[in-house]
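Please keep the structure open beside the text as you read.

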Amino acid sequence: MARPLPEVLGSPEVVNSLTQNPAIFRFPDGALATVAAVHWRPHIVVTPDSEGKLVVSGPMGNVLSVLAETLNFTYNVVSPADRAWGAEQPDGNWTGMVGQVSRKEVDLALGPFGITYNRTKFVDFTESLFFDARGILSRKGTPEIDPWGFLYPLTGSVWAAVAAALAVVWLVMMMVGRRPGGVVSVSWAAEVFLQNVRVFFNQGLTGVVLGYGGVVMLSSWVVVAAVVFWSYTGTLTSLLAVRHIPQPIQTLRDLLDDSAVSVIMLPMTIVTDTISRMKSGELRELHELKFVGRVRYERTSAFREMLETVVRHEGYSILDTSLTLDLLIAGDFLKTNRCDFYKARQTFFTTTHCMISQKGTPLLQAFNHRVRSMVESGLYMHWLTNAIPAVTTCRFSPSIILVQEPLSLANLWGLFAVIGAGHLLAALVFCMEICILLK
């Protein structure tokens, strides 16, 4: 039976060979290492076997297998009682896997871990296997009808260009449109303007008197107005058939400002440890949410259940690494064949993903050489990608959907609001005219 790793490393011959040739070193007679691991998909899956012993699989399990095979050691897997990565306590001790390594209860912890200055005082970090940022996962809203959709067929710049063109056509027609010897009166100018407006709204021509120049100008305006009008009606028909799916949480600021939304996140991680030390800013505000009951700490193994319950049916969002959120969304899609959840556009708090070992261990360079080879060959990214089926299916899901159903008042109440406002304005003007006539 192989001797424990600390005992093997107590041999000067072994340490000398390890430090001189870390890239090709193998334990001559093997060694037995104790490895700490906590379940965190997609990076690592920790499950008990038929005998109750913990077994690791997934990308980090593959990394451990490569290290064990190339260095010639076997291992036992253990998990900390709190199932945490590790946070520093007021008395200076560490919880989780960091605590196990710092107390030399285990030889290696898989993590993967983010690097912080305080952690480097107690453990050694390998080179990074992966970089990932934190994101926010939320449930999509129910499809909504935009009653002001009739304004969208033309952009604001097109509406402004049409208004400018109308003004220019009117001014030019007043200059070249009157007959020789005719007089430009206010009433005639008003008739010309109304004529142009009627043409734009496809309401036909009036009997306003124009010269040849005015007729030519009016003809060109008819062509422009017809093209714009037909484009508007065709696009409007399409827009009335779509529904908008609200996705309001797109930044950390959106999450902080929405008091109806609570956050689910992992306890005792690099994120919780770092934001607790912040003095100001959005990350400090994120930490302070726990004091108003808007933070719920859950282990990653509970995230799937949280997604199906409080995230789907209540006002909760999940804050974790972007890859973990991809895994949750992909898993839900494979189950329901729908993209019911989305990730916020903003990502933040990018960290490394490393393993940790005991402080000052001579094995660090040997670990780093093998980690570097796996990263440079693309093996770790390959293992991650294969661990998440349908990872990109919902990543760019549309925020609008197409429907085929009769138009209802919910589709068109914006139009009636415009009509009502026009009637009120007309009534106000009419009352003002009566008041002026009575004076």
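## A salt bridge to start from

The side chains of Arg253 and Glu285 meet in a salt bridge, with 2.9 Å from N to O. This pair ties together distant parts of the chain: Arg253 sits in helix α9 (residues 252-257) and Glu285 in helix α11 (residues 282-288), 32 residues apart. Do bear in mind that this is a predicted model.

How accessible are the two partners? Arg253 has a relative accessible area of 26%, so it counts as partly exposed. Glu285, with a relative accessible area of 32%, is partly exposed as well.

## Other charged pairs

In total, the count comes to 16 salt bridges. One of them joins Arg296 and Glu298, whose closest N and O atoms are 2.9 Å apart. Here the two partners fall into separate classes: Arg296 is partly exposed because its relative accessibility is 29%, while Glu298 counts as buried because its value is 18%, under the 20% limit.

Asp340 and Arg312 also form a salt bridge, again with 2.9 Å between the closest N and O atoms. Asp340 lies in the loop between α13 and β12 (341-343), and Arg312 in helix α12 (residues 303-313), so the pair links distant parts of the chain, 28 residues apart. Both Asp340 and Arg312 are buried.

## The nonpolar cores

The largest nonpolar core has 71 residues, and those with the most contacts inside it are Phe27, Phe73, Leu110, Leu137, Val311, Ile318 and Met355. Helix α13 (residues 322-336) supplies the largest share of this core, 7 residues. A second, separate core has 20 residues, among them Ile249, Leu252, Leu286 and Val295.

Leaving aside its neighbours within four places in sequence, Leu137 is in contact with Leu307, Val311, Ser317, Ile318, Leu325, Leu328, Ile329, Phe341 and Tyr342.

## Strand β1 and its partners

Why can strand β1 (residues 32-36) be called largely enclosed by the rest of the structure? The reason is that 4 of its 5 residues are buried. Strand β1 pairs in the parallel sense with strand β4 (residues 74-78) over 5 bridges, and in that pairing Ala36 has Val78 as its bridge partner. Strand β1 also runs parallel to strand β5 (residues 108-113), to which 2 bridges join it. There, Val35 stands opposite Leu108.

Val169 is found in helix α6, and it is buried because its relative accessible area is 7%. Not counting residues up to four places away in sequence, Val169 touches Asn196, Met217 and Trp221. The C-alpha atoms of Val169 and Val192, which are 23 residues apart along the chain, are separated by 9.7 Å.

Leu151 is partly exposed, with a relative accessible area of 40%. Together with Trp148, Tyr152, Leu409, Trp413, Leu415, Phe416, Val418 and Ile419, Leu151 makes a nonpolar surface patch of about 880 Å².

Most residues other than glycine have a negative phi, and most peptide bonds are trans. Against that background, some spots deserve a look. A cis peptide bond joins Arg41 and Pro42, with omega about 5 degrees; Pro42 lies in the loop between β1 and β2 (45-48). Gly111 and Pro112 are also joined by a cis peptide bond, with omega about 0 degrees, and Pro112 lies in strand β5.

Met268 is not a glycine, yet it has a positive phi of about 50 degrees. Met268 is placed in the loop between β9 (262-265) and α10 (270-275) and is partly exposed at 26% relative accessibility. Phe349, likewise not a glycine, has a positive phi of about 55 degrees. Phe349 lies in strand β13 (residues 348-358) and counts as buried at 17% relative accessibility.

## A buried loop threonine

Is Thr300 buried or exposed? At 11% relative accessibility, Thr300 counts as buried. Thr300 is found in the loop between β10 (295-297) and α12, and its contacts beyond four places in sequence are His39, Trp40 and Leu266.

Terms used
Residues numbered from 1 in each chain as written. Predicted model: local features only at pLDDT ≥ 70, side-chain atom pairs only at ≥ 80, totals over all residues. Heavy atoms only, no water. Core = buried A, V, L, I, M, F, W, Y, C linked by side-chain atoms within 4.5 Å. Buried < 20%, exposed > 50% of the residue type's maximum accessible area, 1.4 Å probe, protein only. Contact = heavy atoms within 4.5 Å. Pairing = 2+ DSSP bridges. Patch = residues over 30% accessible without salt bridge, like charges linked within 9 Å, V, L, I, M, F, W, Y side chains within 5 Å. Areas by Shrake-Rupley, 256 points an atom, 1.4 Å probe, with all protein chains shown as cover. Salt bridge = Lys/Arg side-chain N within 4 Å of Asp/Glu carboxyl O.
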